[in-house]
Amino acid sequence: MSELLAIFRRELTGYFATPLAYVFIVIFLFATMSFTFYLGGFYEARSANLSAFFNFHPWLYLFLIPAIAMRLWAEERKSGTIELLLTLPVPLWAAVLGKFFAAWIFAGIALALTFPIWLTVNYLGDPDNGVILASYVGSFLMAGGFLAIGSCVSAMTQNQVIAFVVTVVICFLFTVSGLPQVLDFFKGWAPQALVSTIASFSFLTRFEAIKSGVIDFRDLVYFGSLIWVWLTANAVLIDMRKAA
Amino acid sequence: MISIKNLVKRFGPFTAVDDISFDVEKGEVLGFLGPNGAGKSTTMKMVTGYLSATSGTISVCGFDVEEAPLEARRAIGYLPEGAPAYPDMTPMEFLSFIASVRGLSGDEAMKAIDKAADRTDLRNVMHQPIETLSKGFKRRVGLSQAILHDPPVLIMDEPTDGLDPNQKHAVRGLIADMAKEKAIVISTHILEEVEAVCTRAMIIDQGKIVADGTPAELTAKSKHHNAVTIALPESLGEAPTDTLKKIDGVSEVRVDKGANGENRFTIFPKDGAVLIEKVSGQATAAGWDVKALYAEEGRLDEVFRTLTTSDAEIAGRAS
């Protein structure tokens with residue numbers, strides 16, 4: 001456990017040791033706010049909720065989260081520090097989790113820094129803060145899902161650009177599988193069970209459900225198991241390299 | 001403290017390490033020698049658990065590296081090839097990270113960091129990002145990381161690569177200091193290093209151990225072992241060759257031109273026979289004007305070249 005913490009701390013301070021953290025946070029805040037106010041029509045809607053704000057999170061995460069995740073393992077492989085890390089007395093799962101949690105908490109910090117909009121909507125009107133809190137939790141869980149995918153992909157390559165592109169593609173599939181256009185394509189010929197399975201794999205479907213203010217246990221299980229599966233694959237990939 | 005049995009590592013059809021067995025005891029400094037690609041680094045990577053063996057077993061301080069990897073790794077300090085370290089950290093941050101991963105905290109960690117930094121002479125750069133340090137400092141950061149927890153087993157892949165002669169000397173001094181209470185394995189291309197710090201040398205070629213012994217034993221395998229060189233004036237010509245060949249125990253005499261025009265006769269013995277007294281006696285008897293006379297212990301580089309197949313030869317065979 002102490003090893004996990006040591007790796008977690010190193011990774012998290014690592015983000016802030018380079019301009020990456022600040023660039024990321026600034027772009028994230030700038031993008032969320034401009035989407036909310038210009039594309040989302042936050043003022044024009046004249047309603048005291050943050051759906052205009054949260055609606056864009058899956059699409060922002062699609063590009064921003066892979067940018068955090070791409071370096072997780074690819075950078076260590078490229079610079080050779082992976083040899084140092086994996087010969088320290090650290091269980092592999094602790095290294096995988098330590099890195100993942102550091103990235104997740106970092107994404108959480110960026111997300112938490114959007115709090116002025118929560119204050120704003122409370123100042124302007126009387127929103128349902130339970131729904132907003134649930135949406136924040138859902139957004140954070142979704143970020144975790146994207147990150148787990150990105151961490152696993154990053155373990156496959158020592159090229160960060162490849163890690164980024166492949167992660168975006170996989171995350172894109174996980175996101176759009178809930179869009180009506182995609183589901184319509186399957187509805188014509190595929191059995192209903194398959195269509196609902198595809199829909200249930202979507203981040204969008206899950207996030208929409210949570211955004212309505214209800215954190216269903218099944219949604220927690222969905223994100224939990226998604227993260228677990230991708231991180232397990234991540235650990236297996238790292239371990240396979242030993243036998244190569 | 002390190003026990004390796006029938007170790008084999010294959011990468012696809014290529015056998016990098018081919019059935020190697022050996023033990024390293026406390027107090028030993030084992031020098032791994034061999035051309036590039038001979039399997040030195042691969043063997044070290046398997047001992048430290050970075051690669052798993054295709055077959056065979058490795059135990060470190062009684063812990064099998066596959067069965068009890070964490071216990072084995074706790075006993076090991078490892079300097080990987082190229083001394084990798086996180087470039088955005090300072091040596092202080094980096095060593096603190098290593099200390100916390102190794103379960104050291106508070107005063108204990110500070111003491112360990114201080115000691116390792118002192119021994120590797122890092123004091124003045126403790127707060128500069130590692131990426132801004134010179135190659136020599138980076139190497140020393142890697143070294144201090146390896147010795148931080150005072151491990152009973154130390155494995156270093158080319159510890160002096162990239163250091164200047166003074167730093168090399170200092171690192172060899174450090175290794176010699178630690179030698180008594182540890183089992184140390186280093187790999188190197190520098191043959192003089194083996195003679196300077198190693199109590200035992202092992203030459204590896206194409207994944208196999210081709211020689212194993214003390215540096216003195218290995219140099220004794222050299223053709224030059226106990227060879228005697230005598231420098232005689234040019235005026236004598238090459239005539240002394242025949243006289244020298246008649247000495248009992250001589251197998252061959254070679255003549256080279258010396259820097260000052262003298263003739264240098266190198267007399268190679270049969271079976272390592274000691275010849276210097278006989279050669280000296282012959283010179284006196286013949287009344288030669290001897291400019292120089294000396295015997296050699298042998299040449300490690302010669303042993304190295306005879307026992308190993310060079311990359312060039314491998315490439316030649318492949319084409």
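Hi everyone, let me start on chain A, where helices α9 (129-154) and α14 (217-243) each supply at least two residues of a nonpolar patch. Keep in mind that this is a predicted model. The patch sits on the surface and is made of L133(A), V137(A), I215(A), F217(A), L220(A) and V221(A), with about 520 Å² of accessible area together. Which helix gives the most to it? That is α14(A), with three residues.

V137(A) has 33% relative accessibility, so it counts as partly exposed.

While we are on chain A, have a look at another valine, V182(A), in helix α11, residues 180-187. V182(A) is partly exposed too, with a relative accessible area of 24%. If we set aside the neighbours within four places in sequence, V182(A) is in contact with V176(A) and S177(A).

Now please turn to chain B. Here we have an open sheet of four strands, in the order β12-β13-β11-β14, with antiparallel pairing. Which strands stand at the edges? They are β12 (250-257) and β14 (292-295) of chain B; each has a single partner strand, so one side of each is left without a neighbour in the sheet. From one strand to the next, the twist averages 15°.

Let's walk through the pairs. β12(B) and β13(B) run antiparallel and are joined by seven bridges. In that pair, V250(B) stands opposite P269(B) of β13(B). The two strands form a hairpin with five residues between them, and in the turn G261(B) has a positive phi of about 85°.

On to β11, residues 228-232, which pairs with β13, residues 263-269, again in chain B; this is an antiparallel pairing over five bridges. If you want a landmark there, L232(B) has N263(B) in β13(B) as its bridge partner.

Is β13(B) largely enclosed or left open? Six of its seven residues are buried, so β13(B) is largely enclosed by the rest of the structure. Helix α10 of chain B, residues 276-286, lies across β11, β13 and β14, and runs at about 160° to β14(B).

My last stop is strand β6 of chain B, residues 76-79. As a reminder, side chains in a regular strand alternate between the two faces of the sheet. Both faces of β6(B) are covered: I76(B) and Y78(B) on one side are buried, and so are G77(B) and L79(B) on the other. Its pairing with β7, residues 153-157 of chain B, is parallel and spans four bridges. Within that pairing, G77(B) stands opposite L154(B) of β7(B).

That's my tour, and I'm happy to go back to any of these spots on the screen.

Conventions. Residues numbered from 1 in each chain as written. Chains lettered and ligands numbered in written order. Predicted model: local features only at pLDDT ≥ 70, side-chain atom pairs only at ≥ 80, totals over all residues. Heavy atoms only, no water. Pairing = 2+ DSSP bridges. Axes fitted to C-alpha atoms, helices over the stretch in contact; angles between N-to-C directions. Contact = heavy atoms within 4.5 Å. Buried < 20%, exposed > 50% of the residue type's maximum accessible area, 1.4 Å probe, protein only. Patch = residues over 30% accessible without salt bridge, like charges linked within 9 Å, V, L, I, M, F, W, Y side chains within 5 Å. Areas by Shrake-Rupley, 256 points an atom, 1.4 Å probe, with all protein chains shown as cover. Salt bridge = Lys/Arg side-chain N within 4 Å of Asp/Glu carboxyl O.
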